[in-house]
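User: I would like to learn how to read the sheet and the helix packing in a model like this one. Could we begin with the sheet?

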Amino acid sequence: KGYQTLEHVLTALQNLPINIITIWGFAADNWKRSEEEIVNLMKLFDKGIKNTLPKLLKNNSRFIHLGRKDRIPNFLKQTIENAERLTQKNTGKRLCLAIDFGGQDQEIRIVQKAIGFGFMSEQIIPKIIEKLRDGNGEILPADLIIRTSGENRTSDIGWLGKNSEFYSIKKLLPDTKTSDFVDGIVDYAKRERRFGGRPR
C-alpha cells in the first residue's frame, strides 16, 4: 500500500517545479530488520523500478541510485543498473532511490575511493569529495525533507540533509495521501531559509 501511495504522489508532483525527488527506501541501518522483511522490500523495489521505468523514459526523466550496490541482491542490482543506463542521457527531472544508503557509510566509501584513486591528502578538496559522492555530485542536498510516521529525526541522512528544511507527516506512509505531501511543500514555501546565517 505504501508503494501505491508513492506512485500516486509521484504522479501528482510531476506537474510541480520540483527537479529532483529522492525516496529513501532502505537505510544502511535497515539490514538489522528481519530477513523476511528485507527480502520482500528488495522485491518491491525491483517491481517499483521496473514499473516506473517506462514513465521515466516517456517524460525524459533520469533514474539515479544513491547508496551501495554491493550488498543488495543481484536481481535488484541489475534492475537498478539497467534503469540508470537507459535514462542516463535524459535531461528532465531526476528520480533518486536511496537503497542501502547511510551518511556515515558514504563518508567511509568516499575516503576509500579517494585512497583507491591515489589522491594525496592535500588534493582532497570539496570539489573532489562532491564527485565521489553517490550520484557523482549531481544530487545536491535536499531543500525539503518530508518524513512520514510522525518521527522528527533525520536518521543517518548525512550530506543529503545539509541545511535542509524538515517537515513531518504524522502518519505511516500507507496511510498518507498526496495532499499530505502537498501540505508540506506549501509549508516549505512560506519559510525563510537561513543556510546557517541570520535571516535577511
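Analyst: Two strands pair if DSSP finds at least two bridges between them, and helices (H or I, at least four residues) and strands (E, at least two) are DSSP runs numbered from the N terminus. This is a predicted model, in which local features need pLDDT of at least 70 and side-chain atom pairs count only at pLDDT 80 or more, while totals for chains, interfaces and linings use all residues. Residues are numbered from 1 along each chain as its sequence is written, and side-chain values use heavy atoms, with hydrogens and water left out.

User: In what order do the three strands form the sheet, and is the pairing parallel or antiparallel?

Analyst: Strands of a sheet pair through backbone hydrogen bonds, either parallel or antiparallel. Here the order is S1-S3-S2 in an open sheet with parallel pairing; strand S1 (20-27) and strand S2 (62-66) are the edge strands, each pairing on one side only. From one strand to the next the twist averages 20°, where angles run from 0 to 180 degrees between N-to-C directions and axes are lines fitted to C-alpha atoms, for helices over the stretch in contact. S1 is joined to strand S3 (residues 94-101) by seven bridges, and Phe26 has Ile99 in S3 as its bridge partner.

User: Which strands does H3 touch as it packs on the sheet?

Analyst: Contact means heavy atoms within 4.5 Å. H3 touches S2 and S3, and its direction makes about 140° with that of S2.

User: How should I read the crossing of helix H2 and helix H3?

Analyst: Angles under 35 degrees count as roughly parallel, over 145 as roughly antiparallel, 65 to 115 as roughly perpendicular and the rest as oblique. The axes of H2 (residues 35-58) and H3 (residues 74-87) come within 9 Å and cross at roughly 15°, which makes H2 roughly parallel to H3. A crossing is left-handed if the near helix is turned anticlockwise from the far one by less than a right angle, and right-handed if clockwise; that of H2 and H3 is left-handed. Among the residues that meet are Phe45, Ile49 and Leu53 in H2 and Phe75, Ile80 and Leu86 in H3.

User: At what angle do helix H1 and helix H6 cross?

Analyst: The axes of H1 (residues 2-13) and H6 (residues 178-189) come within 9 Å and cross at roughly 50°, and H1 and H6 are therefore oblique to each other. Their crossing is right-handed, with His8, Val9, Ala12 and Leu13 of H1 meeting Thr178, Phe181 and Ile185 of H6.
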